[in-house]
Amino acid sequence: MRSVHAVLISLLLCLSACSSLPYRDPVKISVVGIEPLQGEGMEVRFAVKIRVQNPNDTILTYSGVALDLDINGQPFASGVTDESGSIGRFSDTVVSVPVSVSALSVIRQTYGISQMKTLDNLPYILHGKLSGGVFNTTRFVDSGTLNLPGPTTGSR
C-alpha cells in the first residue's frame, strides 16, 4: 500500500513540475537563402539559410540544427549542423545548415518538374528542430512556394 501511495505522490509531483514550466510561443522559421557547396561524388550540397525568430520573453539556446526539405511533395534534401548559439528574447538570427541532395532526389525532382508547364509556385515544406537538450528541443515547420528560373524565350 505504501508503494502505491509513493507512486501516486511521485506522479503528482511530476505533473506539478511540468505545469510550472513557462509557456513558449513557437519559433518562426523562414528560408532566406540557398547557396551551393562543394559536393562529393554524385551528391549535390547546399547551405540552406534560415531565419529563426524568437517571439518569447526568454532566451532560446540551441546546440544543433536538423532539417528536411520537401519540394513538390517529394523529399529533396536533408542536413544537420552542430552549430550552437542563442537567440535573444524577441529577436532573430540566421542559421546556415548544410544539406545533401542525393542523385535519386535530383532525378525524381527533374522528372516531376518536367511534367509541369511552369517552374513557378513549386510548393516546399521545411521541417526540423533546434536541439536544446531534453526539455528545450524546439521543432519547426515552414512552408511556401519557390519560383525557379525557367528557360528564357525571346527573339534576337
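Ground rules. The model is predicted: local features need pLDDT of at least 70, side-chain atom pairs count only at pLDDT 80 or more, and totals for chains, interfaces and linings use all residues. Residues are numbered from 1 along each chain as its sequence is written, and side-chain values use heavy atoms, with hydrogens and water left out.

pLDDT is the predictor's confidence in each residue, from 0 to 100. The chain averages 79, and 71% of the residues score at least 70. Elements here are DSSP runs numbered from the N terminus: helices are H or I with at least four residues, strands are E with at least two. Over residues 149-156 pLDDT stays under 50. That stretch has 2 contacts beyond four places in sequence, where contact means heavy atoms within 4.5 Å.

Now the core. A nonpolar core is a set of buried Ala, Val, Leu, Ile, Met, Phe, Trp, Tyr and Cys residues joined through side-chain atoms within 4.5 Å. Buried is under 20% relative accessible area, exposed is over 50%, and partly exposed is in between, with a 1.4 Å probe and protein chains only. The largest core has 22 residues, and Ile 50, Val 52, Leu 126 and Phe 140 touch the most other members. Strands E2, E3, E4, E5 and E6 each supply at least two of its residues. E3 gives the most, with 6. In general, nonpolar side chains in soluble globular proteins tend to be buried together.

Take Val 52. Beyond four places in sequence, its contacts include Val 27, Ile 29, Ile 87, Val 95 and Leu 130. Thr 138 also contacts Val 27 and Leu 130, along with Arg 24, Leu 60, Gly 128 and Lys 129, again leaving aside neighbours within four places. Thr 138 sits in strand E7, residues 138-146. Thr 138 is buried, at 10%.

Next, two loops. Is Asn 56 buried or exposed? It counts as buried, at 7% relative accessibility. Asn 56 is in the loop between E2 and E3. A polar atom of its side chain lies 2.6 Å from the backbone nitrogen of Asp 25. Asn 56 also touches Arg 24, Arg 89 and Phe 90. Gly 73, in the loop between E3 and E4, is exposed at 65%. Its C-alpha is 7.2 Å from that of Tyr 124, 51 residues apart along the chain.

Last, charges. How many salt bridges are there? The count is 3, taking a side-chain nitrogen of Lys or Arg within 4 Å of a carboxyl oxygen of Asp or Glu.

One pairs Glu 35 with Lys 49, closest N and O atoms 3.6 Å apart. Glu 35 is in strand E1 and Lys 49 in strand E2, so the pair ties together parts 14 residues apart in sequence. Both are partly exposed: Glu 35 at 39%, Lys 49 at 26%.

Another joins Arg 51 and Asp 92, at 3.4 Å, N to O. That links strand E2 to strand E5, 41 residues apart.

Then Arg 89 and Asp 57, at 2.5 Å, N to O. Arg 89 lies in the E4–E5 loop and Asp 57 in the E2–E3 loop, so this bridge ties together parts 32 residues apart in sequence. Arg 89 is partly exposed at 48%, and Asp 57 is partly exposed at 48%.

Conventions:
A polar contact is a pair of N or O atoms within 3.5 Å; within protein, one must be able to donate a hydrogen and the other to accept it, and residues adjacent in sequence count only if both atoms are side-chain atoms.
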